[in-house]
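Colleague: Before I rely on this model, I would like to go through the terms used to describe it and hear what each one rests on.
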Amino acid sequence: MTNLSDFSDDELAQILDAPGAVLKGATLADGRPGPIRFIRELASGAKVFREAQVHENAFVQSVAAALRDREASAAKDGGPGSEDGAEPAADGSVLPDPEGEAARAVELTAASVALLRGRADEKDVDAYGEWLIRIATQVAKATRSKDGGFFSKRVTVSADEQAFIEKLTAAVGR
């Protein structure tokens, strides 16, 4: 089994940042979601993170546990910092850039998987990559969307969400 202690702080941060980036990229793949859709997608992603804490692969379990511990520590310290790559909204709040977040998620996933391929057990690399794809897939399936406008039929995964999942799958090397 691959241990998180085998990685430097920067490498570990990269491995731990990828799942959150995938969650954010999948949530924004269709543009900026409305409040109800955002909550449903976030809840779906959180469920996949909770499932990872009892995942059959010990490495994925350790990543999920490290993420949980990091979030608990950040909450004690006052929460996360400012959003990177975000643009100011009309009301002065900061909105994320959907295309930028999707690209960041794919890039971070590719870099994390490449790092793991060089230093981790192949089973651990595969399980980690599959977990990242599962996060994106479950978030995309959390709500139905309308492709093509008001009179189009509802689809489970939109074309933009599917494109994001395909890019992520390619980044994982599947």
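Colleague: Which residue just after helix 3 takes a positive phi, and what is the angle?

Modeller: This is a predicted model, and in it glycine 78, which comes just after helix 3, takes a positive phi of about 105°.

Colleague: What makes you say that helix 3 reaches the span expected of it?

Modeller: Helix 3 covers residues 58-76, which is 19 residues, and the expected span is 1.5 Å times one less than the number of residues.

Colleague: Why is it said that the buried residues of helix 3 line one face?

Modeller: The residues concerned are Phe59, Val60, Val63, Ala64, Ala66 and Leu67, each called buried because its relative accessible area is under 20%. Seen down the axis of helix 3, these buried residues fall within an arc of 160°, so they line one face of the helix.

Colleague: What covers the buried residues of helix 3?

Modeller: The cover includes helix 1 (9-28), helix 2 (35-52), helix 4 (98-119) and helix 5 (122-141). For valine 63, leaving aside neighbours within four places in sequence, the contacts are Leu4, Ile15, Leu16, Tyr128 and Trp131, where a contact needs heavy atoms within 4.5 Å.

Colleague: How do you know that asparagine 57 caps the N-terminal end of helix 3?

Modeller: A side-chain oxygen of asparagine 57 lies 2.9 Å from the backbone nitrogen of phenylalanine 59.

Colleague: Which residues touch the most other members of the largest nonpolar core, and which helix gives the most to it?

Modeller: Of its 43 residues, Val63, Tyr128, Trp131, Ile135 and Phe164 touch the most other members. Helix 1, helix 2, helix 3, helix 4, helix 5 and helix 6 (159-172) each supply at least two residues of this core, and helix 5 gives the most, with ten residues.

Colleague: How many helices and strands does the chain have, and what share of the chain counts as buried?

Modeller: The chain has six helices and four strands, and of its 174 residues, 39% count as buried.

Terms used. Residues numbered from 1 in each chain as written. Predicted model: local features only at pLDDT ≥ 70, side-chain atom pairs only at ≥ 80, totals over all residues. Heavy atoms only, no water. Buried < 20%, exposed > 50% of the residue type's maximum accessible area, 1.4 Å probe, protein only. Arc of directions from axis to C-beta. Polar contact = N/O pair within 3.5 Å; in protein donor to acceptor, adjacent residues only side chain to side chain. Core = buried A, V, L, I, M, F, W, Y, C linked by side-chain atoms within 4.5 Å.
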